[in-house]
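Student: I have a model open and would like to go through some of the terms used for it. Could we start with a loop?

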Amino acid sequence: MPGLEDLYREVILDHYRNPRNRGELETPPALMAEGFNPLCGDEVKVYVELEGDRITDVRIGGQGCSISQSSASMMTTAVKGRTVDEARGTLRSFKQMMSIHEHGLEGEDVPPDDPAGSSGLGDLEALRGVVKFPVRIKCATLGWNTFDQALDQDQDPDQALS
Amino acid sequence: MSLDVAAVKAEFPLLGREVHGTPIVYLDSGATSQKPRAVLDAMDHYYETINANVHRGAYHIAELATTASEDARRSVARFIGATDEHEVVFTKNATEAINLVAHSWGRTNLAAGDVVLLSLLEHHANIVPWHQLAAERGIEVRWIPLTDDGCLDLGDLDRLLEGVKLVAVTAVSNVTGAIPPVRQLANAAHAVGALCLVDGSQYVPHLATDVAELGCDFLAFTGHKMCGPTGIGVLWGRHELLDAMPPFLGGGEMILDVRQDGFTPNEVPWRFEAGTPPIAEMIGIGAAVDYLEGLGMDAVRRHEVSLTDYALSTLGDRFGDDLLIHGPSDTTHRGGILSMCLREIHAHDLSQVLDQHGVCVRAGHHCAKPLMRELGVTSTSRASLYLYNDESDIDALGDALDAAARFFDF
Ligand SMILES: Cc1ncc(COP(=O)(O)O)c(C=O)c1O
């Protein structure tokens with residue numbers, strides 16, 4: 001049976017208590033997208049500042065549970081300073097980690113932790129335990145999906161013109 | 001007569017199970033109730049002995065199935081004090097019942113500029129169908145505001161009622177448990193020539209219901225919150241109103257005649273029950289109301305009031321200002337619904353810890369986002385009580401809240 005300590009790793013609680021890169025950026029020039037978790041009413045705003053294809057700043061607004069807040073906070077530290085392509089790569093690895101579905105709900109065996117660093121996700125590995133709590137997966141991915149949407153606006157012709 | 005809760009609990013097989021190695025503490029009956037043996041048996045009995053389509057075959061078991069399902073309609077009518085069982089329309093759930101009124105009555109009787117008056121306590125089921133009608137027909141959706149303690153603010157009711165054709169209100173808030181004065185609102189609606197629809201989803205399962213006493217024109221409720229199965233709900237409506245309404249969905253069962261050039265709709269209530277109905281579920285809701293009637297709805301209500309009192313006072317003593325419970329403090333004017341915020345702990349995190357202790361509560365916005373915005377929160381953890389809950393469940397909730405407070409102690 002997965003226990004609370006599988007979900008609430010110390011790193012996660014740390015990012016929840018002391019979220020990194022909270023705040024807003026002026027739009028434009030920054031890109032912004034808003035995400036909702038219709039299940040629980042959580043709302044997140046992700047601001048992204050680009051210089052060329054490099055992410056120079058990311059900020060998180062809104063409110064949510066410890067999992068959505070810490071995941072978004074860890075995301076900011078993982079993507080800030082990276083190129084858009086690198087960030088999208090991390091996004092893909094993270095979402096892949098969040099989509100492991102071989103376990104059952106009635107406490108069957110859950111997949112073992114990834115050996116350190118093999119996914120290249122670093123601290124984000126701490127969120128691996130979330131897949132054992134399927135309803136929380138949406139919490140963990142909320143900030144990332146919203147980040148993805150913010151990046152997409154870079155391709156939006158209206159935005160590109162302005 | 002008072003409720004023998006231990007005996008009641010023993011009739012609900014699911015309440016005997018464990019989760020995470022501890023006995024289950026089920027406090028989410030506002031989302032869906034558990035089902036007593038009597039309901040499960042009645043549905044099994046149908047499938048095992050009289051399964052046949054209804055209103056069709058002339059053979060023996062088809063007649064038995066038809067009789068059993070129509071008996072259920074009679075039981076439900078009696079349960080809500082309806083004198084005419086044909087005023088009971090079976091739907092899929094309360095949501096469909098309200099949509100039926102919006103589509104059939106609304107599209108016939110409402111035009112641009114007409115007003116539908118809702119309260120800020122409403123569940124999305126009694127909001128979105130009216131928003132849809134507003135987008136399609138240009139009707140206006142207007143809101144009855146709240147007082148500071150979460151009751152309806154009726155100070156400006158006369159002005160709010162200007163141009164109103166329908167007052168559509170919940171009889172018990174699924175978030176705060178507040179019980180608005182439905183009778184007064186129905187009378188006020190009638191005084192300006194409007195009708196009144198009551199969302200009884202959280203009322204009918206918990207309080208003795210008499211449609212004449214409520215004074216409304218339509219009453220919607222849902223089987224799965226009242227010991228019945230999912231997939232069955234009820235729209236009760238005054239006969240002459242239903243009789244004047246066009247069908248909602250078209251197909252078999254809802255017609256008297258079909259020709260190349262058109263159709264003649266069936267009589268009420270079958271006019272609104274297109275296709276093969278949920279026969280087992282009709283029998284199930286019939287068994288559920290028979291079961292509740294056997295216990296006595298007054299006894300059920302008394303039990304829930306005293307348990308809510310116990311919860312408010314013991315949790316208040318244990319947690320003081322750390323635990324905010326929304327809603328009226330006078331339990332004679334609230335249902336057994338406790339929307340809680342424990343310090344700054346997010347509802348999702350709180351219910352996760354409660355779950356580890358076997359305590360099932362609902363976390364989220366409870367499908368009432370306009371109300372949540374009014375309360376200034378995005379989510380709460382909601383414990384909702386029913387006839388099988390007792391003081392030990394409240395104590396277990398308190399212990400689990402305590403564990404959560406310690407776990408997130410920062
Ligand atoms: C007040 C209220 N109205 C309507 C509903 C909708 O019920 P259902 O989903 O069964 O249609 C609910 C239940 O979630 C409710 O609490």
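Tutor: B:P269 sits in the loop between β12 and α10 (279–295) of chain B. Helices (H or I, at least four residues) and strands (E, at least two) are DSSP runs, numbered from the N terminus. This is a predicted model, where local features need pLDDT of at least 70, side-chain atom pairs count only at pLDDT 80 or more, and totals for chains, interfaces and linings use all residues. Residues are numbered from 1 along each chain as its sequence is written, while chains are lettered from A and ligands numbered from 1 in the order in which they are written.

Student: What is the peptide bond from B:V268 to B:P269, cis or trans?

Tutor: The bond is cis, with omega near 5°. Most peptide bonds are trans.

Student: Why is B:H20 called partly exposed?

Tutor: A residue is buried if 20 or more other C-beta atoms (placed from the backbone) lie within 10 Å of its own, exposed if 12 or fewer, and partly exposed in between. B:H20 has 13, so B:H20 is partly exposed. B:R343, with 15 such atoms, is also partly exposed.

Student: What makes α3(A) oblique to α5(A)?

Tutor: The axes of α3 (residues 66–79) and α5 (residues 137–152) of chain A cross at roughly 40°. Angles under 35 degrees count as roughly parallel, over 145 as roughly antiparallel, 65 to 115 as roughly perpendicular and the rest as oblique. The pair is therefore oblique.

Student: Why does strand β11 of chain B lie largely in the open?

Tutor: Of its five residues (255–259), the number buried is zero, so β11(B) lies largely in the open.

Technical notes
Axes are lines fitted to C-alpha atoms, for helices over the stretch in contact, and angles run from 0 to 180 degrees between N-to-C directions.
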